[in-house]
Amino acid sequence: MKFDPLLKKCPLCDSTSISLKYNIIQSHSFNVYECQSCLFIFMNPAFSDTFIASLYSDDYYSGKADYSYIDERDNHKFNSYVWKARIKKIHKYKKSGTFLDIGCSFGGLLSSAQKYYDVYGVEISDFASKYCESINMKVHKGTLNDAPFKENSFDVITMIELIEHIKDPVNFIKKTASILKPGGLCVIQTADMGAFQAVSQAQNYHYFLPGHLSYFTACNLSSLLTKSGFTNIKIYRPVDFGLIPKLRKSRGQFKNFKDYKRWLTIAKYHFLGYFKKKGRPMTSSMVIYAFKK
């Protein structure tokens with residue numbers, strides 16, 4: 001079957017006060033509901049695990065599918081500017097130790113992290129995980145739930161644009177906390193659905209995608225982390241590093257000198273992240289750092 005059964009309560013807080021928010025019309029159309037208690041937005045009914053697995057075919061990673069991922073290997077040099085900037089930030093909090101990237105794709109972030117850490121990955125795609133194995137990276141092919149990690153194994157866990165793909169975020173974050181060492185750092189990048197960008201664009205917001213099952217606000221994601229044993233939560237907007245790495249990364253897609261005009265758009269979006277409109281952050285991009293108690 002393409003869909004799971006319709007949920008009657010919120011997957012985040014168990015409230016029964018949920019209602020249809022948007023019908024998302026795409027090549028793979030779906031509905032999202034919103035919880036009136038915690039404002040969590042979620043696909044309902046969610047696509048089945050079998051259907052979700054079918055989305056992450058080789059075509060997904062080669063850009064040939066309707067729902068696709070840009071192959072980070074094509075511009076590894078330019079993408080590495082952002083990976084290195086993020087690792088530099090993480091290194092300020094954790095100088096060394098074990099490092100896990102959940103949803104590691106082709107291992108780009110791990111390639112930068114291995115300068116300081118003993119790196120591991122989790123990747124659901126057979127296509128991407130086999131590539132990681134070919135370059136001698138320790139990557140579990142599957143999900144966090146079936147990964148063979150013991151409690152208190154990691155000093156740093158990252159999930160970059162990953163948590164929105166998770167159907168059961170409560171148990172996922174509990175599992176993350178269990179394998180993180182006391183004092184360990186968890187880094188999450190996702191969209192803030194409470195920001196002005198997401199609210200104003202409504203059902204046309206670009207984050208509504210068939211592979212995205214869960215949509216958080218900064219408030220309800222922070223609350224989930226707190227309830228799961230995390231503390232000292234820091235929220236960075238729009239990301240946890242500066243503008244320059246983003247500009248340098250963008251050059252990987254430039255074809256001619258005129259493409260440098262895109263820097264104006266990138267810079268505008270970056271700096272809008274520092275401001276609010278109608279009491280809401282203007283842009284939705286956010287990165288959360290949370291430390292296990």
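This is a predicted model: local features need pLDDT of at least 70, side-chain atom pairs count only at pLDDT 80 or more; totals for chains, interfaces and linings use all residues.

First, some ground rules. Residues are numbered from 1 along each chain as its sequence is written, and side-chain values use heavy atoms, with hydrogens and water left out.

**Stop 1: the sheet.** Select the strands E6-E5-E4-E7-E8-E13-E10, in that order: these 7 strands form an open sheet with mixed pairing. (Helices, H or I with at least four residues, and strands, E with at least two, are DSSP runs numbered from the N terminus; two strands pair if DSSP finds at least two bridges between them.) Now colour E6 (138-141) and E10 (230-236): these are the edge strands, each with a single partner, so one side of each has no neighbour in the sheet. On average, neighbouring strands here are turned by 15 degrees against each other, direction ignored.

Zoom in on E7 (residues 154-160) and E8 (residues 180-191), which run parallel and are joined by 6 bridges. Which residue of E8 is the bridge partner of Ile160? Click Gln189 to see it.

**Stop 2: helices on the sheet.** Show H6 (residues 169-179), which packs on the sheet and touches E4 (97-102), E7, E8, E10 and E13 (285-292). Contact means heavy atoms within 4.5 Å. (Axes are lines fitted to C-alpha atoms, for helices over the stretch in contact; angles run from 0 to 180 degrees between N-to-C directions.)

**Stop 3: H3 and H9.** Select H3 (residues 76-93) and H9 (residues 243-250), whose axes are 6 Å apart at an angle of about 160 degrees. That makes H3 roughly antiparallel to H9 (the label is for angles over 145 degrees). Show side chains for Phe78, Asn79, Tyr81, Val82 and Ala85 of H3, and Pro245, Lys246, Arg248 and Lys249 of H9, which make the contact.

**Stop 4: H9 and H10.** In H9, pick Leu243, Lys246, Leu247 and Ser250; they meet Trp263, Ile266, Ala267, His270 and Phe271 in H10.

Conventions: Angles under 35 degrees count as roughly parallel, over 145 as roughly antiparallel, 65 to 115 as roughly perpendicular and the rest as oblique.
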